[in-house]
Amino acid sequence: MIDESGAGLPAYGMSAERVLGEIRELRGLDRPTHGGRLFAYVYDPGVAGLDELAAAAYAESAHVNGLDPTAFPSLLAMENALVGAAGRLLGGGPGTSAPEVVGSITSGGTESLILAVKAARDARPEIDVPRVVVPASAHAAFAKAAHYLRVELDPVRLDPITLRPAVADMATAIRPETVLVVCSAPSYAHGVVDPVEQIAQVAAAAGVRCHVDACFGGWTLPYLRRLGVPVPAFDFTVPGVTSISVDLHKYAYAPKGVSVLLHRDPGLRAPQYFAYADWPGYTMVNPVISSTRSGGPIAAAYATLRHLGDDGYLELTRRTWTAVRELADAVRGVDGLRLVAEPESTVVCLTSTDPDLDLFVLVDELTALGWHTQPQLAYAGLPRSVHLTVTAAVAPRAAEFGPILADAAAAARAHGPVVLPPELLALAGSLTPERLTPELVGGLADGLGLAGRPGPPERMAVVNTLLDAAPVRLRERLLVEFVGLLQRPTW
Ligand SMILES: *Cc1c(COP(=O)(O)O)cnc(C)c1O
């Protein structure tokens, strides 16, 4: 008998009930998306009924195709409303200094950034090797965009104290071939806002576009400012800012698959489009990377925005900020831990000052206690750190975090730091990506407990320590090989 439970296409169709039962069972393996104890990947407002509303809206439009706005004007209307909402929130629209803001709905922050780079590249067709200047803290998606689009990236070093680039260094990095200058509001890793006004000014002086990556913070910074938190100017009110990205599937609390890319005017957006009529099929015009696009995420985002409203987001941001301050206090209260930066947005980032308190072990201990945080490897002189994306759902639980963190730190001290076998350390330090064979990777994966089980191992400290010890290019290769091992078909 063939066991059909794991096969994608069983010989005989199964009941809806059984199929859903399977999915629910699989979901049991996942980290908890709700409940305020997962500090990465998910954004939970903790609003009763919102999931159900978004799911119903999603279902309503799941089969509608964004490929052709004339065939499905419902999607066009919802997209225009979403772009209008984002544009308004970020300093554009009628009566502002950026009255002609336009935009597109994309599938996520990465797609928004790839398209911002593409628009900038294609606006300057005379440049053979276009270049993009980014602070070293810019999101990895810019590197992906550069890789996909054959554009060169010029990363600018960070000041190790402020975690921002010096404006003078950004200015120096701009060359005749530069097509785009980037800043973050805020950076994902540390949650700090770059000096957007000054960077946009040097970009404008050089005649270069300036993109503000507000994928993470675009939907909270304006509300934080209204709550009295000091937030520097970062949006279209800043002259020289030509485009802004903001992810609706982050702090607008929409289900996954929706981001907005805004441009100051239609002329700046034009080179983002792709149109093609030189084939026998339908004439094609795509504003974004995908051609066929589900209406589901767009309708779900539309429902979410309209249901929460401006007052709803203000209140959710107020709760989030309360939680941020409580978590930051918790970090300050534990000996051997310190904040990497004073929180100025919705990120809490901490590091260890005590060699006996291994951050990667701390992350495992927190996981064991049901609190899921995100380890960040040491990079370019910055220490390893732990990242917490804070959302409104954290607020009711924030008071628990102090004692939990203290317990986890005590457990991590008792456990002691991860000590890699010297041969493994030597290997990590000396191996070049080219010398990494499938056998070596298989052996490593076995040794690290990464093979032959569903999902990642419970304790990741050893894996993280190994990655931490490896140079950047080797880290990348190891990651690719490890995930390649996980992604194997079930037959
Ligand atoms: C999340 C994020 C991105 C990438 O967004 P995805 O939706 O994961 O593709 C880009 N920039 C910043 C600052 C982000 O936080």
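## About the model

This is a predicted model, in which local features need pLDDT of at least 70, side-chain atom pairs count only at pLDDT 80 or more, and totals for chains, interfaces and linings use all residues. Residues are numbered from 1 along each chain as its sequence is written, and side-chain values use heavy atoms, with hydrogens and water left out.

## Overall fold

Let's begin with the whole chain. The protein contains 16 helices and 13 strands; these are DSSP runs, with helices (H or I) of at least four residues and strands (E) of at least two, numbered from the N terminus. Its C-alpha trace spans about 65 × 60 × 50 Å along the principal axes. The radius of gyration of the protein is 23 Å, which agrees with the value near 23 Å for a compact globule of 491 residues. That radius is taken over C-alpha atoms, and the globule rule is 2.2 Å times the number of residues to the power 0.38.

Of the 491 residues, 50% are buried, where buried means under 20% relative accessible area, exposed over 50%, and partly exposed in between (1.4 Å probe, protein chains only). Among contacts (heavy atoms within 4.5 Å) with a separation of 6 or more, 72% join residues 24 or more positions apart. The protein exposes about 23,000 Å², and carbon and sulfur atoms supply 59% of that area. Accessible areas come from the Shrake-Rupley method with a 1.4 Å probe, and for residues only the protein chains shown count as cover.

## Around the ligand

Which residues come nearest to the ligand? They are Gly-109, Thr-110, Asp-213, His-249 and Lys-250, out of 13 around it; a residue counts as near if one of its heavy atoms lies within 4 Å. By class, this shell has five nonpolar, five polar and three charged residues. Nonpolar covers Ala, Val, Leu, Ile, Met, Phe, Trp, Tyr, Cys and Pro, charged covers Asp, Glu, Lys and Arg, and polar covers the others, Gly among them. Helix H4 (residues 109-122) gives the most to the shell, with three residues.

A polar side-chain atom of Thr-110 lies 2.5 Å from a ligand oxygen atom, and one of Lys-250 lies 3.0 Å from a ligand oxygen atom. Taken alone, the ligand exposes 380 Å², of which the protein buries 84%.

## A look at Asp-468

Asp-468 sits in helix H15 (residues 461-469). Is Asp-468 buried or exposed? Asp-468 is buried, because its relative accessible area is 15%. Not counting residues up to four places away in sequence, Asp-468 touches Phe-360, Leu-377, Ala-378, Arg-384 and Arg-475.

Notes: Polar contact = N/O pair within 3.5 Å; in protein donor to acceptor, adjacent residues only side chain to side chain.
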